[in-house]
Amino acid sequence: MAKSFDERNQSDSARRKLKSLAKASGVELELVSALANFTWDYDTEFRNEPIGWVNNSKLSRAAEKQLHWIAETLAIPPDFTLDFDRASKDLRQSHAAQSINHVWANFTLAAVTKNYGYVSEFASYHYLRGINTSRIKSLEWSGKGVGMVEIARNLFLKLFRGGAIERDDLAYLWCDLAVPLDYHVGKPAKSAPWLEPLLASIESLPTNSGLKDLIACCKGLVGGDKFFKKEVLQSLSYADVLRVTGLPVSDMFIAERRNELSPHFYSNEWSFPMRFWSSNGGTVNRSAIPQQKPT
């Protein structure tokens, strides 16, 4: 039995999960809940799909009204449609306008507060190193216009898992870097520096250590579950701080090599280049961290 739009994410358990997500991301609960309603249903009964995905093939009047509110909140015309040329132009401009010190400052805070949004922006910024008109064509594109339903979905996935699966998609990257979210994130009262201890812990690993060992190094330093820690580590590889032997990302456009697979089957659950850590080994490259990095 399918649920109506009005019934999505209405249980106490769903509200608690959305409240937790909003707190970690620093985005208003009302917006997070609205984005979720077009993407994922946390309720455990009568989901439209077995694992929580919702179907937006036909929008009710209530759904249309909420979509209009999302558009107004994001300062986007409700009837907006994103095409390839607009996405390409906006993304290149937004990427060029980023301040590396600002991106790093948000990322170092995010690793402690479990803010997937800031992690995603950091990851996308470095993932797109060297982007130009030609290289942008290597990103995935649906071939059709992207409207407010897709924008709402991408923004929720940004806060839900930091673009861990969507990073190759032009529409997602546009939402990530070209659509500003209003974050309300305060600095934790007590937050010990985590980056240098993490890098030192990784350097102390024995030869032939694998990806599980890198996750273990995050314990007590990086917040969140293993999936969040994994995304922090992958982001550091895009930034060339965790450098996989033989795969210097500073010399490549990462998206063009995203389909290269590791000989270690389970390592391919990680993104390029980190999926090659177990087979190639790697090093810590502190020179990739800005000199005036935040503490």
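**Group meeting: helices, salt bridges and rings**

Let me start inside helix H8. Its buried residues are Leu-170, Ala-171, Tyr-172, Leu-173, Trp-174, Cys-175, Asp-176 and Leu-177. Buried here means under 20% relative accessible area, exposed means over 50%, and partly exposed is in between, with a 1.4 Å probe and protein chains only. Helices are DSSP runs of H or I with at least four residues, strands are runs of E with at least two, and both are numbered from the N terminus.

A word on the source. This is a predicted model, where local features need pLDDT of at least 70 and side-chain atom pairs count only at pLDDT 80 or more, while totals for chains, interfaces and linings use all residues. Residues are numbered from 1 along each chain as its sequence is written, and side-chain values use heavy atoms, with hydrogens and water left out.

Back to H8. Eight of its nine residues are buried, so H8 is largely enclosed by the rest of the structure. What does the covering of its buried residues include? It includes helix H4 (84–97), helix H6 (116–127) and H7. Contact means heavy atoms within 4.5 Å.

H8 also has a cap. Asp-169 sits at the N-terminal end, with a side-chain oxygen 3.2 Å from the backbone nitrogen of Ala-171. The cut-off for a polar contact is a pair of N or O atoms within 3.5 Å; within protein, one must be able to donate a hydrogen and the other to accept it, and residues adjacent in sequence count only if both atoms are side-chain atoms.

Next, H6. This helix has 12 residues. From first C-alpha to last, H6 reaches 16 Å, close to the 16 Å expected at 1.5 Å a residue. The expected span is 1.5 Å times one less than the number of residues. How many of the 12 residues of H6 are buried? The count is 12 of 12. Among them are Tyr-116, Glu-121, Phe-122 and His-126. The buried residues of H6 pack against H4, helix H5 (100–113), H7, H8 and H11. H6 has an N-terminal cap as well: a side-chain oxygen of Asn-115 lies 2.8 Å from the backbone nitrogen of Gly-117.

Now charges. Side chains of opposite charge can pair when their charged atoms come close. I call it a salt bridge when a side-chain nitrogen of Lys or Arg is within 4 Å of a carboxyl oxygen of Asp or Glu. By this rule there are 11 salt bridges.

Take Arg-161 and Glu-166. Their closest N and O atoms are 2.4 Å apart. Are these two residues buried or exposed? Arg-161 is buried at 19% relative accessible area, and Glu-166 is buried at 11%.

Then Glu-231 and Arg-167, bridged at 2.8 Å, N to O. Glu-231 lies in helix H11 (residues 226–238), and Arg-167 in the loop between helix H7 (148–161) and helix H8 (170–178), so this pair ties together parts that are 64 residues apart in sequence. Both Glu-231 and Arg-167 are buried.

Arg-257 is partly exposed at 28% relative accessibility. Glu-260 is partly exposed too, at 30%. There is also a network: salt bridges with shared partners join Glu-121, Lys-158, Arg-167, Asp-176 and Glu-231.

On to cysteines. Cys-218 is buried at 0% relative accessible area. Cys-175 is buried at 1%.

Last, the rings. Rings of Phe, Tyr and Trp (its six-membered ring) pair if their centres lie within 6.5 Å; planes under 30 degrees apart are stacked, over 60 edge-to-face, and the rest tilted. The structure holds 17 aromatic pairs. Trp-40 and Tyr-42 are edge-to-face: 6.4 Å centre to centre, 75° between the planes. Trp-40 is buried at 13%, and Tyr-42 at 11%.

Phe-156 and Phe-160 have centres 5.3 Å apart and planes at 20°, so that pair is stacked. They are four residues apart in helix H7, which means about one helical turn separates them. Phe-156 is buried at 0% relative accessibility, whereas Phe-160 is partly exposed at 22%. Trp-40, Tyr-42, Trp-53, Phe-156 and Phe-160 form one aromatic cluster.
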